[in-house]
Amino acid sequence: MTAVAPRAEGTGASLTTSKRTEVLEDRPVNLDGFVEEWPEKGLVAMESDFDPQPSVRVEDGRIVELDGRTRDQFDFMDTFIADHAIDVDTCEAAMATESVEIARMLVDPRTSRADVVAVGRGLTPAKILDVVKLMNVVEIMMGIQKTRSRRTPANQAHSTSAKDNPIQVAADAAEGAVRGFAELETTLGVVRYAPLVAIGLQVGGQVGRGGVLTQCALEEATELDLGMRGITAYAETISIYGTESVFVDGDDTPWSKAFLASAYASRGIKMRFTSGTGSEVQMGNAEGRSMLYLEIRCILMAKGAGVQGLQNGSISCIGVPGAVPGGIRAVAAENLVASWMDLECASGNDQSFSHSAMRRTSRLLPQMLPGTDFVCSGYSAVPNKDNMFAGSNLDTDDYDDWNVIQRDMQVDGGLRHVREDVILQVRNKAARAMQALFAELDLPPITDEEIEAATYANSSDDYPDRDVLADLEGARSVMERGITGIDLVRFLERAGFGDVAENYLQVLRQRVSGDLLQTAAVLTGDFTPLAAINDANDYAGPGTGYRLTGERWEELKKLRHVTSAENPEEEVV
């Protein structure tokens, strides 16, 4: 190759780079971080020479060898998976099936979901990895479309406040609910604010649309307490990990997590675990395994524990797989494996990971196009500056883009366009309901100025500051007085918000029925539970499964600005 000499001084040309390279260097994607693979430390997405080879051996109805380790060599993850997550009766036959044949079963619409799930029950972590490594991202998406547990896709949102302002959380929750989110999640900067913020989330959600399920993601004792009281309806921040060393670092084991899951289930509280590719690398104990192999171990541990599902898709670790080759493909693959193992899948898309709008969208589409139980495990229903989960892949600035993508692709991402007058109405009502509820609970008053701010606000910058010390004292009193969801229902009714109280009461009734404990359970606007048991995914190729048609398709055709076909000077409202 002939070297290109720098041009002479005075010609106007750069001595080091072309003008095009200068333009490219300024592109947002070049602010992202990228690293070389380092398999010895687990910094590799899904294809590592250090991953074990698939194997299984059964003696006297007990697995005594798993992926190259004999039982005396098992760590506690191996023991838990072998004893609780793999079907001993079918595992030897399933493991004998060629990996390429299983991969083709996942893609082939002529093979039913029931058949591929049955095969999956007998596979070890290394065998599952061996299968999904054969699949490109389009094939992974085809597998997700077939293995999703609930027929109808849905979405989940974050509703948080940089100031832990419960009025802001309530207003944004009401808007998020009316826009279509089936679940709403919050967290705190100051944990002691939790009761007030969790109440705001619950009340706002029931104003926007009856039946929305809420959670307050905190340390496990407080989160469980709020759930037991009926202030929240589900939980998902029950973290599990793919190596024993990381589990021990967190003072946990698979058995302790399973026990905690049973505590939630015993009170009718829906719950799922959380895991994701890259967490073990991020915590420095990947034990030389690929990210996806370790995540598959997490998925099987969730299955063995009997929880409804998993929040996975790298989650808060997305920067790690996002930095290595094939990392986003591995994230899609972990979503596929969760669905294939017959678990509810709340699929990532809940953490900022790129400065590039194009790259953020490309990370979303493998979940949005085939549809998952929850396309986002946390679309930010607030501006990302207010997102206390460290920011989402999507936020309120992206609502219109999201709705256009749904319309362009004729896919259901769980949201819809809502007229401005409806949004203002529900935001105002949520704030007024909180004002009345605070008065009933003898909490620091919410002013009319705050109601006005909540109605029209975008971020926490648009709200008057509250007396934080007074609010914290009020939050403490809520817990000390033993306030429950039933108390809140009664106070809302007494304050004149009977419809909100009725919505809240219906959610509490579902706790008693246990319907929310079914895999992938959500509530419709008329409080009908939709789950894998009564809304099973029946995809079997073209013309089958969930199709965006009828009333729902007509709803998603509506956008903020659509020109009337009859009068080009008008917009369709």
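Predicted model: local features only at pLDDT ≥ 70, side-chain atom pairs only at ≥ 80, totals over all residues.
Residues are numbered from 1 along each chain as its sequence is written, and side-chain values use heavy atoms, without hydrogens and water.

Four strands form an open sheet in the order β7-β8-β9-β10, with parallel pairing. Strands are DSSP runs (E, at least two residues), as are helices (H or I, at least four), numbered from the N terminus. Pairing requires at least two DSSP bridges between two strands. β7 (234-239) and β10 (344-347) are the edge strands, each pairing on one side only. From one strand to the next, the twist averages 30°. β8 (residues 270-274) and β9 (residues 309-312) are joined by two parallel bridges. Thr274 has Gln311 in β9 as its bridge partner. Helix α15 (residues 327-340) lies across β9 and β10, at about 160° to β10. Angles run from 0 to 180 degrees between N-to-C directions of axes fitted to C-alpha atoms, for helices over the stretch in contact.

Thr214 belongs to strand β6 (residues 213-216). Thr214 counts as buried because its relative accessibility is 0% (buried: under 20%, 1.4 Å probe, protein chains only). Beyond four places in sequence, its contacts (heavy atoms within 4.5 Å) include Leu184, Leu201, Ile231 and Tyr234. Its C-alpha atom is separated by 8.9 Å from that of Ala182, 32 residues apart along the chain.

Val138 lies in helix α7 (residues 137-147). Val137, Val138 and Met142 make a nonpolar surface patch of about 220 Å². Patch residues have over 30% relative accessible area and no salt bridge; nonpolar side chains (Val, Leu, Ile, Met, Phe, Trp, Tyr) are joined within 5 Å, like charges within 9 Å. Areas follow the Shrake-Rupley method with a 1.4 Å probe; for residues, only the protein chains shown count as cover. A salt bridge places a side-chain nitrogen of Lys or Arg within 4 Å of a carboxyl oxygen of Asp or Glu.

Key:
Buried < 20%, exposed > 50% of the residue type's maximum accessible area, 1.4 Å probe, protein only.
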